[in-house]
Amino acid sequence: MEYELAITGRNPPAKYVYTNSINPSQDPSIPLPLLEIPVIDFAHLVAPSELERLRSALSSYGYVMVTNHGVESSLMDRVRLVFKQFLALPMEERLKCQKEADGFEGFGSDMMVTKDVPVVHDFSARLRLTTWPEDKRQMKYWPEQPHDFREVLDEYSSKLLVLHDATLGAMARSLSLDDDDSAFLNAVREGGSISARFNFYPPCPTPDRALGLKPHSDGTVITYLLQDGEVEGLQVLKDEQWFRVPIVPDALVLHVGDHLEIMSNGEFKSPVHRVVLNPERQRMSVVIASFPEEGIQIEPLEGLVSGEKPRLYRQVKYSVVDQVGYYWSGTRVTDDARI
């Protein structure tokens with residue numbers, strides 16, 4: 001299988017290799033600078049001052065580090081562990097969760113819709129699973145081994161669902177949408193979904209010629225990221241410069257998705273980011289991301305459009321296939337929707 005090449009950590013085949021360095025103007029001996037991402041104490045988000053810090057950070061960076069989020073560090077460690085154990089299983093066991101060629105869920109490479117356009121593939125392996133609503137879970141893709149994988153993911157995703165809903169409410173309040181702090185949440189709760197994505201990035205002997213994830217912004221509402229506890233890899237583009245995202249112990253990385261940027265009428269920014277590879281060490285991460293209902297029209301909220309704040313985005317229809325196309329073509333729905 002193609003993704004097995006990534007798991008073994010061997011030199012990337014040609015389809016994963018960029019012709020030029022991923023940092024053509026950067027001296028490879030000098031690391032990129034760290035981005036000082038604001039840290040938000042979720043327990044204090046009831047305070048107006050902390051809501052303003054949240055608004056400011058998401059308007060400027062599109063990212064925040066969230067602490068006191070209600071997820072125990074022991075559970076975060078268990079989530080990392082069960083995925084590590086899954087990757088260590090024999091091939092035949094992992095293949096029980098293999099995704100279909102044109103499918104979205106399961107273990108393997110992402111669906112591609114740009115077959116006639118040559119693209120460089122991501123040097124990584126992924127396991128995608130819908131976690132909410134529960135009746136949309138496709139359990140045939142949920143690993144039965146290790147034995148506690150399903151239990152751990154169920155517990156983690158349940159806690160992240162609570163955090164997700166509270167986060168969208170806080171975002172609405174930070175923009176003074178006090179009369180309807182469920183405005184953003186409704187885009188997910190009314191027919192939308194939440195998925196987990198487990199990412200594995202193997203060591204790569206040529207990290208300047210391959211990427212774990214190519215530069216992109218997320219076609220989500222919001223994304224919560226559980227980083228590797230030891231190995232950096234996430235980088236964000238700000239002011240035309242790539243920055244490293246630090247690892248903050250026990251924190252979750254929250255960032256804005258494209259569709260929240262549109263709904264917020266540009267008040268929140270969906271950041272462009274990528275994942276680089278380490279020449280010696282593997283890296284894992286776990287994403288929990290929310291998505292609107294398939295086919296729904298996404299547009300700026302009425303409460304965020306006025307004579308002083310004109311509408312910045314036209315109405316766009318959410319489509320999973322379109323989002324995959326944006327990713328592989330290196331384009332963004334926010335650019336297409338911009339008025």
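## Elements and annotation

Helices (H or I, at least four residues) and strands (E, at least two) are DSSP runs, numbered from the N terminus. On this basis helix H8 (320-329) gives the most to the lining of the largest pocket, with six residues. The model described here is predicted.

An unreviewed UniProt entry lists residues 192-294 as "domain: Fe2OG dioxygenase". In the model, this span is 43% strand and 6% helix, and its end C-alpha atoms lie 7 Å apart.

Strand S5 covers residues 193-201, and nine of its nine residues are buried. The burial holds for both faces: Ser193, Ser195, Arg197, Asn199 and Tyr201 are buried on one side, and Ile194, Ala196, Phe198 and Phe200 on the other. In a regular strand, side chains alternate between the two faces of the sheet.

S5 pairs with strand S4 (residues 125-132) over seven bridges in the antiparallel sense, and Thr130 stands opposite Ser195 in S5. S5 is also joined to strand S12 (residues 283-291), again antiparallel, by nine bridges. In that pairing, Ser193 stands opposite Phe291 of S12.

## The open four-stranded sheet

Four strands form an open sheet in the order S6-S11-S8-S9, with antiparallel pairing. Strand S6 (213-216) and strand S9 (241-244) are the edge strands, each of which pairs on one side only. On average, and with direction ignored, neighbouring strands of this sheet are turned by 20° against each other.

S6 and strand S11 (residues 273-275) run antiparallel and are joined by two bridges. Across this pairing, Leu213 stands opposite Val275 in S11.

## Pocket and cavities

The largest pocket has a volume of about 720 Å³. It is lined by 38 residues, of which Phe104, Arg128, Phe291, Tyr318 and Val320 are the closest to its centre. S4, S5, S6, S12 and H8 are the elements that give two or more residues to this lining.

The structure also holds three cavities of 30 Å³ or more. The largest cavity has a volume of about 120 Å³. Of its 16 lining residues, Arg197, Leu225, Leu234, His273 and Val287 lie closest to the centre. Two or more residues of this lining come from each of S5, S6, strand S7 (222-226), S11 and S12.

Just after H5, Ser176 takes a positive phi of about 65°.

Most peptide bonds are trans.

Most residues other than glycine have a negative phi. Glu240, however, has a positive phi near 65°. This residue is found in the loop between strand S8 (234-238) and S9. Its relative accessible area is 74%, so Glu240 is exposed, the cut-off for that class being over 50%.

Asp250 has a positive phi near 70° and lies in the loop between S9 and strand S10 (252-256). Because its relative accessibility is 48%, Asp250 counts as partly exposed.

Key: Residues are numbered from 1 along each chain as its sequence is written. This is a predicted model: local features need pLDDT of at least 70, side-chain atom pairs count only at pLDDT 80 or more; totals for chains, interfaces and linings use all residues. Side-chain values use heavy atoms; hydrogens and water are left out. UniProt positions are given in the numbering used here, feature names are shortened, and annotations may be inferred rather than shown by experiment. Two strands pair if DSSP finds at least two bridges between them. Axes are lines fitted to C-alpha atoms, for helices over the stretch in contact, and angles run from 0 to 180 degrees between N-to-C directions. Buried means under 20% relative accessible area, exposed over 50%, partly exposed in between (1.4 Å probe, protein chains only). On a 1 Å grid over the protein atoms alone, a cavity is a set of points where a 1.4 Å probe fits but cannot get out, and a pocket is an open set with protein on both sides within 12 Å along at least five of seven lines; lining residues have an atom within 4 Å of a point. Grid points are joined across faces, edges and corners, and a volume is the space filled by probe spheres set on the points.
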